[in-house]
Amino acid sequence: MKIGILGAGHLGKSIINGLLNSKRYKYSDFRIVVNSNESQQAFKKEGFLVSQDWKFIQDCDLIILALLPQNIIDLKGKLQATFKKQMILSVASGITLKQLKTIFPTCSVTRVMPNTSVQYNQSMIMVTKEGTKDANKEALNLFKWLGKTIVLSEKQIHTFIAICGSASAYLYYWLQPLMKLAIVDDISEADSKVIITNLLLGVAANISNSSASLEMLQNQVATTGGTTIEAIKVFDEYHLKDVIKQAIEAVAKKSVSQSLES
């Protein structure tokens with residue numbers, strides 16, 4: 001199957017890299033369309049088949065639509081004229097299934113929400129339940145090599161984006177003080193990265209393999225009279241859970257507002 005990539009920015013390139021890393025795909029499986037000479041030369045130098053002409057991917061069986069949402073709206077006439085029977089997997093956050101079905105009335109379409117961890121085959125990926133049956137099947141077959149997939153209703157996509165699509169940024173934000181604390185205490189940056197990376201892997205393993213709730217797992221570490229509970233007391237004093245809830249709601253609200261219904 002030939003895979004066409006329309007819009008190979010950071011997310012599009014991450015998807016390509018992840019599929020190559022899976023060893024299930026090779027460079028010749030991809031046809032890439034970009035919008036600048038610089039990008040075209042960069043992909044060509046890596047050995048990809050690349051063009052600035054959309055007709056270059058017209059004969060692909062599958063199109064990953066990775067254009068910016070506003071560009072999809074602005075270029076919907078050209079999109080409709082170019083793609084007539086392909087399978088369209090959209091990774092654009094602000095374009096609804098209703099819009100996709102209007103733009104591509106004769107194509108199989110669905111929405112897929114990955115994050116940039118696809119490049120390391122460690123992404124959490126949502127596929128919309130209401131997508132075309134064939135497109136959903138192909139999306140699950142393709143993206144399973146890039147991490148873990150889950151099928152949810154389109155109305156849940158904004159919460160998914162807030163929890164998963166954006167949450168890596170929350171973790172990076174929260175981990176920065178830990179990194180700085182380690183460096184202040186003369187732990188090297190390289191050693192700090194090893195410590196923090198394995199901390200996260202350990203937490204993920206506990207969540208994945210334990211039947212205990214997150215509160216129970218927390219209490220196993222933050223025992224009464226111990227040292228860790230002092231941090232929990234500070235978090236509670238400043239109502240950290242409420243702050244996190246408000247932050248998640250703000251992201252979901254923004255996601256809703258950016259949906260570009262025509």
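This is a predicted model: local features need pLDDT of at least 70, side-chain atom pairs count only at pLDDT 80 or more; totals for chains, interfaces and linings use all residues.
Helices, which are DSSP runs of H or I with at least four residues, and strands, which are DSSP runs of E with at least two, are numbered here from the N terminus. Residues are numbered from 1 along each chain as its sequence is written, and side-chain values use heavy atoms, with hydrogens and water left out.

I begin with the overall picture. The protein has 262 residues, and 39% of them count as buried. By buried I mean under 20% relative accessible area; exposed means over 50%, and partly exposed lies in between, with a 1.4 Å probe and protein chains only. Twelve helices and eight strands make up the secondary structure. The C-alpha trace spans about 70 × 40 × 30 Å along its principal axes. Among contacts with a separation of 6 or more, 58% are between residues 24 or more positions apart, where contact means heavy atoms within 4.5 Å.

Let us turn to the strands. Two strands are said to pair if DSSP finds at least two bridges between them. Strand E1 covers residues 3–6; Ile3 and Ile5 point one way from it, Gly4 and Leu6 point the other way, and all are buried. Which strands does E1 pair with? One is E2, residues 30–33, in the parallel sense over four bridges, and there Ile5 stands opposite Ile32. From E1 the chain crosses through helix H1, residues 10–21, to E2 in a right-handed β-α-β crossover. Right-handed here means that, with the strands pointing away from the viewer, the path from the first strand over the helix to the second runs clockwise. Another partner of E1 is E4, residues 62–65, again parallel and over four bridges; in E4, Ile63 is the bridge partner of Gly4.

E4 in turn runs parallel to E5, joined to it by four bridges, with Leu89 of E5 as the bridge partner of Ile64. Within E5, residues 87–90, Met87 and Leu89 point one way, Ile88 and Ser90 point the other way, and all are buried. E5 also pairs with E6 in the parallel sense over four bridges, and Ser90 stands opposite Arg111 in E6. Together with helix H5, residues 97–103, these two strands make a right-handed β-α-β unit.

A pocket is found on a 1 Å grid over the protein atoms alone: it is an open set of points where a 1.4 Å probe fits, with protein on both sides within 12 Å along at least five of seven lines, and its lining residues have an atom within 4 Å of a point. The second largest pocket holds about 670 Å³ of space, a volume being the space filled by probe spheres set on the points. It is lined by 30 residues, and Gly7, Gly9, Ala66, Leu67 and Leu68 lie nearest its centre. H1, H3 (69–74) and H7 are the elements that give two or more residues to this lining. What classes of residue form the lining? It has 17 nonpolar, 13 polar and no charged residues.

Finally, some individual residues. Most residues other than glycine have a negative phi. Lys23, however, has a positive phi of about 70° although it is not a glycine. Lys23 lies in the loop between H1 and E2 and is exposed, with a relative accessible area of 72%. Asp186 likewise has a positive phi, of about 65°, and is not a glycine. It is found in the loop between H8 and H9 (189–209), and at 74% relative accessibility Asp186 counts as exposed.

Ile187 is placed in the loop between H8 and H9. Is Ile187 buried, partly exposed or exposed? Ile187 is partly exposed, because its relative accessible area is 31%. Leaving aside neighbours within four places in sequence, Ile187 is in contact with Ala182, Ser192 and Ile195. Thr82, in helix H4, counts as buried because its relative accessible area is 11%. Thr82 touches Trp54 and Gln58, not counting residues up to four places away in sequence.

Technical notes. Ala, Val, Leu, Ile, Met, Phe, Trp, Tyr, Cys and Pro count as nonpolar, Asp, Glu, Lys and Arg as charged, and the others, Gly among them, as polar.
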